Amino acid sequence: MELIKKPLALVLALLLSPVCVNATTLLNYTDHEPLGGTRTRFINDVFFPAIEKESQGRLKINAHWGSERATGYNALSVISEGSAADMGTVVPEYAAKDLPLHQIFKSFPAGPTGDRQIAFFRRVYAEIPAFPAELHHENVVNIFFGTGYPVAFLSTNPLKNLQDIRGTTWRSASFWHQDFLRNAGAKPVTMPWGPETVKAFQTGALDGIMVNVDSGYDLKIQKMAPEVLVSRELWLGHVYLLVMNEKVWNGLAKADQDAIHRAAETAYKTAGQVMDKGYINQLDGLRKDGANVRELQHSEVEHWQTVSRYPEIQAAWAKEQTAAGVTQAVPVLEKVRAILADEMK
């Protein structure tokens, strides 16, 4: 009888073990944007299938789009808590108090694009521990970097160059860009993105908007502000962190963690090309809608950097953050600045 009990106990232990290579794990994903844009389509059509393939079907993603589980503003807390979503996209700008160091990226008027932009963010995370540590503090871990399109200036008035924004009223959601606009002689204002923005153009309350080119196009701002200046170099510094609840991540078998890493590597191979192609398509779309689009020369981008006085703004921000207890603000800013300069060579 004892001989029967021992094998039976062993079988039961194996069946009840949480480590089972053939088990299927369903991961709930949340995204504040609807499925349809370049970023969301890439995640859904490239990254998620790669995860399922690399894990041999052990991992499956149950995606919820359009703020079904979390908005852009509470995504970090929802994923950190872990009941409504296991993973999702976090926009650092929407979580400035929780992710202060992540605000540094948008403080640069110009930066890399395509593959080089992805390489920049990956290098920053690899060389500056403060960034993954900031996420660790919020109980999440990053598994994929999504990037944004360059900045565009859309105006109701003719724009021969960026000097023409002087004396006019411009909307920007970024506190960094508001300072850039102010230093360039424009009047920066803030307002909710969406119908309120459209109405402000219709009533004449806005002369222009400084925004990533795809967002401007999606809201059809070019119909009201058809004068457009843009450049690949005018980066938004906008990173979309695809993060996972840290407890969920740690609960995955190493084979499944490795599968996610391999899936990310697969996705990165084409992500830059997709963004480059998307940028060209966005400009074509603007022109088809009747917009007068001009890409700035490198010297004009350099002039914008000078006019923006961004080093002064960065220094003031770092001083404020240090006083507020973010002791790494100054050294991290210096490290990011050095990496960005190196990547832009």
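Two strands are taken as paired if DSSP finds at least two bridges between them. Helices (H or I, at least four residues) and strands (E, at least two) are DSSP runs, numbered from the N terminus. By these rules, strand β1 (residues 25-30) and strand β3 (residues 87-90) run parallel and are joined by two bridges. Thr 30 has Gly 88 in β3 as its bridge partner.

The model is a predicted one, in which local features need pLDDT of at least 70 and side-chain atom pairs count only at pLDDT 80 or more, while totals for chains, interfaces and linings use all residues. Residues are numbered from 1 along each chain as its sequence is written, and side-chain values use heavy atoms, with hydrogens and water left out.

The protein has 13 helices and 11 strands. Its C-alpha atoms fill a box of roughly 90 × 45 × 35 Å along the principal axes. Of its 345 residues, 50% are buried, where buried means under 20% relative accessible area, exposed over 50%, and partly exposed in between (1.4 Å probe, protein chains only). Contact means heavy atoms within 4.5 Å. Among contacts between residues at least 6 apart in sequence, 76% join residues at least 24 apart.

The β1-β3 pair belongs to an open sheet of five strands with mixed pairing, in the order β2-β1-β3-β10-β4. Because β2 (59-64) and β4 (140-147) are at the edges, each with a single partner strand, one side of each is left without a neighbour in the sheet. Direction ignored, neighbouring strands of this sheet are turned by 25° against each other on average. Axes here are lines fitted to C-alpha atoms, for helices over the stretch in contact, and angles run from 0 to 180 degrees between N-to-C directions.

Helix α2 (residues 38-54) lies across β1, β2, β3, β4 and β10 (239-245), and runs at about 160° to β2. Helix α10 (residues 254-288) lies across β2, β4 and β10, at about 20° to β4.

Within β1, Asn 28 is buried, at a relative accessible area of 17%. Residues up to four places away in sequence not counted, Asn 28 touches Asn 62, His 64, Arg 69, Ala 84, Ala 85, Asp 86 and Met 87. Glu 300 is 272 residues from Asn 28 along the chain, and their C-alpha atoms are separated by 45 Å.

The next topic is the nonpolar interior. A nonpolar core is a set of buried Ala, Val, Leu, Ile, Met, Phe, Trp, Tyr and Cys residues joined through side-chain atoms within 4.5 Å. The largest such core has 81 residues, and Phe 47, Phe 153 and Trp 304 have the most contacts inside it. Apart from this core lies another, of 20 residues, among them Val 213, Val 228, Leu 283 and Ala 291. Neighbours within four places in sequence aside, Phe 47 is in contact with Phe 42, Ile 143, Phe 144, Leu 242, Ile 260, Ala 263, Ala 264 and Ala 267.

The axes of α6 (residues 175-183) and α11 (residues 298-308) come within 8 Å and cross at roughly 95°. The two helices are therefore roughly perpendicular; angles under 35 degrees count as roughly parallel, over 145 as roughly antiparallel, 65 to 115 as roughly perpendicular and the rest as oblique.

Side chains of opposite charge can pair when their charged atoms come close. A salt bridge is a side-chain nitrogen of Lys or Arg within 4 Å of a carboxyl oxygen of Asp or Glu, and the count by this rule is 19. One of them joins Arg 122 to Glu 265, with the closest N and O atoms 2.3 Å apart. This pair links distant parts of the chain, 143 residues apart: Arg 122 is in helix α4 (residues 114-127) and Glu 265 in helix α10. Arg 122 counts as partly exposed at 31% relative accessibility, as does Glu 265 at 37%.

Salt bridges with shared partners join Arg 123, Glu 127, Asp 342, Glu 343 and Lys 345 into one network. In another salt bridge, Glu 33 pairs with Arg 39 at 3.1 Å between the closest N and O atoms. Glu 33 is partly exposed at 27% relative accessibility, whereas Arg 39 is buried at 9%.
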